[in-house]
Amino acid sequence: MKRFMLFSALAALLMSFSTGAKAQGGPPPEVRRAISGVIAMAESEGDDALKQFADKSLADLYRKSFRSDELLQHLRTIRDAAHGHTSSVSVMRSPDETLTIVLGGDVRVELMLDDHFLITKLELAKGSGESRPAPPVTDGPRPPGAGSKQPATKEEARPFHVRALSGPSEMDAAGTLAMLERDHFSAEYLQRTSRGERLELVSKIRAAAASASTILVNEDAEGVHIHFDESAGPIVSFTMDAGAPFHISSLKLVPPSASKNVSAGPAMTWDDLSPALNAAVTAGFSGQVLVRHNGSDLLRKTYGMADREARRATVPDSIYCIGSAPIDFTITAARLLVERGKLHLDDPIGRYLPDVPADKTSMTIGMILDGKSGLPNFHNTNDDWDPDLGWIDRTAAVRRILSKPLLFAPGASRGHSHSAYGLLAAIIEIVSGQTYRDFVRAEILRPLGMTRTGFYGESLNLPVDSFAAGYGVHSAGVPNIPPNWGPTSWLVMGSGGMFSTLDDLRRYYDGLASGALFPNKKPGNQPSFTVNGSERGFYFSRMDNGKGDQVFVLSNTETSPALKPLVNGFAKLVLGPNAG
């Protein structure tokens with residue numbers, strides 16, 4: 001649908017615009033409008049739309065450089081090449097100020113703008129689109145339907161399938177299965193399995209995804225593996241056909257009891273961590289590790305590359321996306337307001353939010369903090385071009401969250417929900433009179449000296465090489481770093497959308513343990529084991545036994561098969577043999 005295409009293109013521009021020496025928060029709005037206009041033209045129909053585009057977006061001298069019918073034919077040629085491929089968009093700028101819009105991976109439209117942001121050059125790059133394969137012929141028992149754009153490469157196919165299997169869906173199990181059968185499963189897989197078998201499997205996968213607090217992905221020689229709640233949840237494993245469009249050829253769900261043995265942690269002792277770490281690096285791990293034993297630092301090292309393409313090694317102050325770790329900041333922010341008497345744990349959310357539906361009027365601030373809200377895990381929809389980066393504002397997020405059916409009555413059970421922390425972030429803004437960003441900066445980051453922690457779309461005036469590039473199942477921008485992902489959307493505000501460093505994160509958790517933020521509270525650590533990840537390749541795990549033993553692991557190689565065994569090995573060391 002065109003609304004999706006246009007929204008996708010503009011958001012992708014915000015992510016992908018590369019400015020050279022420094023990562024910025026995105027191009028000027030005039031540049032965004034110009035490129036959005038090109039994408040709208042690519043998805044338009046009829047000559048009238050082309051004429052309107054020419055009148056509005058092209059500079060006079062450029063229009064006059066074409067004879068009477070040449071301009072329309074030129075625009076038709078660009079539209080014919082680009083039409084239908086704008087669901088995958090990135091934008092780059094070269095030193096000569098040429099902007100290149102990359103559509104669908106291999107259609108490239110080049111343009112230049114004058115001082116008034118009117119287009120002075122618009123053409124297809126040489127060879128653009130020539131490598132695109134012909135649409136696949138489906139000869140198996142595939143249900144009818146147009147389907148969505150099929151992946152042209154294996155790199156495109158991984159996130160295409162992962163999102164379909166693990167992302168939120170507004171369809172029931174039967175509808176989800178129909179979509180998978182149409183767009184994702186191979187003809188051979190459909191012939192080999194019965195519909196009843198597929199429906200049972202898909203139902204279990206969707207249930208696991210809906211209740212998971214973390215969803216991480218890695219790939220090895222045996223296939224692609226989706227981990228729900230690290231080792232505590234089941235693993236979905238699938239393989240793909242060898243050729244385009246890389247349909248799913250096998251699919252299975254490994255239950256928690258079996259999945260714990262899939263990535264058994266390496267043997268570690270406090271006396272010798274090197275063998276396990278060296279093995280992880282050999283297997284592809286890049287990142288940073290901090291190990292504390294009996295209250296003292298035992299190991300603090302960096303490993304591998306922060307940016308493979310630039311041949312840039314990891315350094316101690318490299319910056320990483322930190323996945324869902326900002327949930328901790330949201331909890332801290334809310335508790336600061338509670339301590340100051342501006343928020344109360346037994347306050348119903350309707351005290352701060354208008355038009356709360358009847359099924360949610362009993363939901364309190366305390367229930368959100370205790371994981372008892374009953375809200376689903378996420379609130380992105382199938383119309384969002386990306387479940388993290390697609391832009392929505394606070395009003396839209398609150399409306400979506402409150403309109404979602406509850407998983408259980410508030411207070412009746414416990415279940416992790418990113419959406420609940422998004423709702424809490426909105427309440428923090430309303431109560432404090434500040435944006436969530438400003439409150440977190442003023443009350444948490446600055447007091448603790450966390451100078452290299454920020455939000456997507458920001459660079460903090462730091463150069464590009466301050467950021468580690470992510471290597472996951474999906475990337476956005478060149479390089480694939482948080483400043484190139486556009487401003488933090490309210491799809492993840494309060495539960496994600498931030499970056500940090502190992503030392504900044506250590507400052508935060510040390511600040512909580514010491515009572516620096518809560519002088520009226522008794523300091524101390526509680527045993528914990530958290531895992532946070534991003535499909536753009538980043539991973540952060542922290543474990544603490546509350547007795548002076550801690551491990552922090554930050555990585556930009558979330559898909560590396562070495563990562564999960566390494567973290568599980570540390571968990572067993574810190575928390576005991578049953579952890580991990």
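Q: What makes Phe-455 and Met-498 bridge partners, and which strands do they join?
A: In this predicted model, Met-498 of β15 is the bridge partner of Phe-455. Strand β15, residues 498-500, and β14 are joined by two bridges in the antiparallel sense. Two strands count as a pair if at least two bridges are found between them, so β14 and β15 qualify.

Q: Why are β13 and β14 called edge strands?
A: The open sheet of three strands runs in the order β13-β15-β14, with antiparallel pairing. β13 (320-321) and β14 (454-455) each have a single partner strand, so one side of each is left without a neighbour in the sheet.

Q: Which strands are the edges of the open sheet of five strands, and what is the order of that sheet?
A: The order is β10-β9-β18-β17-β16, again with antiparallel pairing. β10 (296-303) and β16 (528-533) are the edge strands, since each pairs on one side only. Neighbouring strands of this sheet are turned by 5° against each other on average, direction ignored.

Q: How do you know that helix α18 packs on this sheet?
A: Contact requires heavy atoms within 4.5 Å. Helix α18 (residues 563-575) touches β9, β16, β17 (539-544) and β18 (550-555), and its direction makes about 15° with that of β17.

Q: What makes β9 and β10 a pair?
A: Strand β9 (residues 287-293) and β10 are linked in the antiparallel sense by seven bridges, and the criterion is at least two. Among the residues concerned, Arg-292 has Asp-297 of β10 as its bridge partner.

Q: What makes β2 mostly covered, and which way do its residues point?
A: Five of its five residues are buried. Leu-99, Ile-101 and Leu-103 point one way from β2, while Thr-100 and Val-102 point the other way. In a regular strand the side chains alternate between the two faces of the sheet. Strand β3 (residues 107-113) runs antiparallel to β2 and is joined to it by five bridges; Val-102 stands opposite Arg-108 of β3.

Q: How do you know that the span of helix α3 is close to the expected value?
A: Helix α3 (residues 46-57) has twelve residues and reaches 17 Å from its first C-alpha to its last, against the 16 Å expected at 1.5 Å a residue.

Q: Why are the buried residues of α3 said to be on the same side?
A: Leu-50, Phe-53, Ala-54 and Ser-57 are the buried residues of α3. They cover an arc of only 100° around the axis, which puts them on the same side of the helix. An α-helix has 3.6 residues a turn, so residues three or four places apart point the same way. On the other side of α3, Asp-48, Gln-52, Asp-55 and Lys-56 are exposed.

Q: What share of the contacts in the protein joins residues 24 or more positions apart?
A: Such residues account for 65% of the contacts with a separation of 6 or more. Of the 580 residues in the protein, 54% are buried.

How values were computed. Residues are numbered from 1 along each chain as its sequence is written. This is a predicted model: local features need pLDDT of at least 70, side-chain atom pairs count only at pLDDT 80 or more; totals for chains, interfaces and linings use all residues. Side-chain values use heavy atoms; hydrogens and water are left out. Helices (H or I, at least four residues) and strands (E, at least two) are DSSP runs, numbered from the N terminus. The expected span of a helix is 1.5 Å times one less than its number of residues. Buried means under 20% relative accessible area, exposed over 50%, partly exposed in between (1.4 Å probe, protein chains only). The arc is that of the directions from the helix axis to the C-beta atoms. Axes are lines fitted to C-alpha atoms, for helices over the stretch in contact, and angles run from 0 to 180 degrees between N-to-C directions.
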